[in-house]
Amino acid sequence: GAAKGTEVLGQDPLWLAWVTDLANLKGAHPEQYKHLLDSVTPARFKVGQMIGSFGILMGMVVAIYRNVDDDKKHQYKGMLTATALATFLTGVTEPIEYMFMFVATPLYIIYAFVQGAAFAMADIVHLRVHSFGSIEFLTRTPLAINAGLAMDIVNFIWVTVLFGVIMFFIANFMIKKFDYATPGRNGNYEQNDDAPAESAGSAGAGTSSASSQVINIINLLGGRANIVDVDACMTRLRVTVKDAEKVGTEAQWKAEGAMGLVMKGQGVQAIYGPKADVLKSDIQDVLDSGEVIPETLPSQMTAVQKAEAKFKGVTDEVHSVADGQVINIEDVKDPVFSQKMMGDGFAVEPENGKIVSPVAGKVTSIFPTKHALGLVTDNGLEVLVHIGLDTVSLEGKPFDVKVTEGQTVAAGDLLVEANLDAIREAGRATSTVVVFTNADAIKSVKVEHTGKLAANAPVAKVEL
């Protein structure tokens, strides 16, 4: 054609030049057409990624949605659909990959092998198509058909569907079997980012009224003075800081909704999925406003504040809340507890539903759904007893509360009788978590006994 003799560079221009030559040679020069079709396939590797974004990751999203808690499916349906469409239409795979890469790493490894098998299919059947998303694929279909690649399109469709189905069954099995905290289950829930930060009353006029998440992220970056540049890509918040030592830990970032944290020198990459760009804009607005940014993270207290922290020099003994297996809080299958987002503590895998008070003190709160109670000791230790994981959705039905707010209790007094069978039948874990929630008043927590213990047996000592 007119471009004869032109040098072509790059995978997409190569494929377009090749398929255009095929269309020009077809019929007019059959021998040359056959030679070009049989001897050259440019950018063949790209089709493996197409199978991944069109099929494999669609199967993954369906599996993730299928395992969202029933009471949260309506909340996650729109989010997962939008994310799947972004990948399907554009071919960008990260929005879905970051949903499970960090919370279900073994599943991600299996996904990588499935993706590799998809690349290998280009050597098994003819899949000589090329695009960066479904829109581009559809617009190039007439050109591919004119070039004699109709069967390649058919092959691509059935291979993509096959791999999507395979990935769905693998992911669905692994999420259920290993109880992975994929989005919408097992404590991995979207937080309300619209709550205002505590500010005006204590910090004075001119304090930022941005969302608590944005304020906390700025503090995790070491504060305004430590931030050099804020940027974002489709899934990551990218920030350059002056001192990387002032950046918060990965656990702290996850407490603020991040799916992972990558540090490269003074470069911070916090993985937030599709909302990364929105966060970038919100953070930049706060930085540019000149408003006072309150220090909201206890872990980022200044050296002077830490030096001024006063502890009482008293110790509270905390007991088991039930007969059963006492485990470290890090082993609880809920990241909100295991990463100590609410505070340190421990958990019990109860043998029966009799849940007793772990301390002597006063009942300060009983949640309306009866699944959790708050207590405070005479020394000021605040204790949360949370019965089961994600049992708030059960609307209090399996719980019979035996105390009232304001009541004084002794360690070992019966707080709640829980129907453990009903909790299990609802698909919830019965792990009962004891959390010390006023972390700023606690000097140390020592869990001294784990394993099989009776209710009211000593477990931990908390120094205040």
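Reader: How many cavities of 30 Å³ or more does the count come to?
Author: The count comes to one cavity of 30 Å³ or more. On a 1 Å grid over the protein atoms alone, a cavity is a set of points where a 1.4 Å probe fits but cannot get out. Please keep in mind that this is a predicted model, where local features need pLDDT of at least 70, side-chain atom pairs count only at pLDDT 80 or more, and totals for chains, interfaces and linings use all residues. Residues are numbered from 1 along each chain as its sequence is written, and side-chain values use heavy atoms, with hydrogens and water left out.

Reader: How much space lies in the largest cavity, and which residues line it?
Author: About 40 Å³ of space lies there, a volume being the space filled by probe spheres set on grid points joined across faces, edges and corners. The lining (residues with an atom within 4 Å of a point) consists of Trp15, Val129, His130, Phe137, Arg140, Thr141, Ala144 and Ile153. Helix H7 gives the largest share of this lining, four residues. Helices are DSSP runs of H or I with at least four residues, strands are runs of E with at least two, and both are numbered from the N terminus.

Reader: Why is Thr315 called partly exposed?
Author: Good one! Buried means under 20% relative accessible area, exposed over 50%, and partly exposed in between, using a 1.4 Å probe and protein chains only. Thr315 has 45% relative accessibility, so it counts as partly exposed.

Reader: Where is Thr315 found, and what is it in contact with?
Author: Thr315 is found in strand E5, residues 315-319. Contact means heavy atoms within 4.5 Å. Leaving aside neighbours within four places in sequence, Thr315 is in contact with Asn379, Lys461, Val462 and Glu463. Its C-alpha atom and that of Val161 are separated by 61 Å.

Reader: What makes a group of residues a nonpolar core?
Author: The members are buried Ala, Val, Leu, Ile, Met, Phe, Trp, Tyr and Cys residues joined through side-chain atoms within 4.5 Å. The largest such core has 50 residues, and Met60, Leu107 and Phe156 have the most contacts inside it. Helix H3 provides its largest share, eleven residues. Not counting residues up to four places away in sequence, Phe156 touches Val47, Met50, Ile51, Phe54, Leu127, Val129 and Phe137. A second, separate core of 34 residues includes Ala322, Leu381, Ala418 and Phe436.

Reader: How many helices and strands are there, and what share of the protein is buried?
Author: The protein has 15 helices and 18 strands. Of its 464 residues, 47% are buried.

How values were computed: 1 Å grid on protein atoms, 1.4 Å probe; cavity = no way out; pocket = protein on both sides within 12 Å on 5 of 7 lines; lining within 4 Å.
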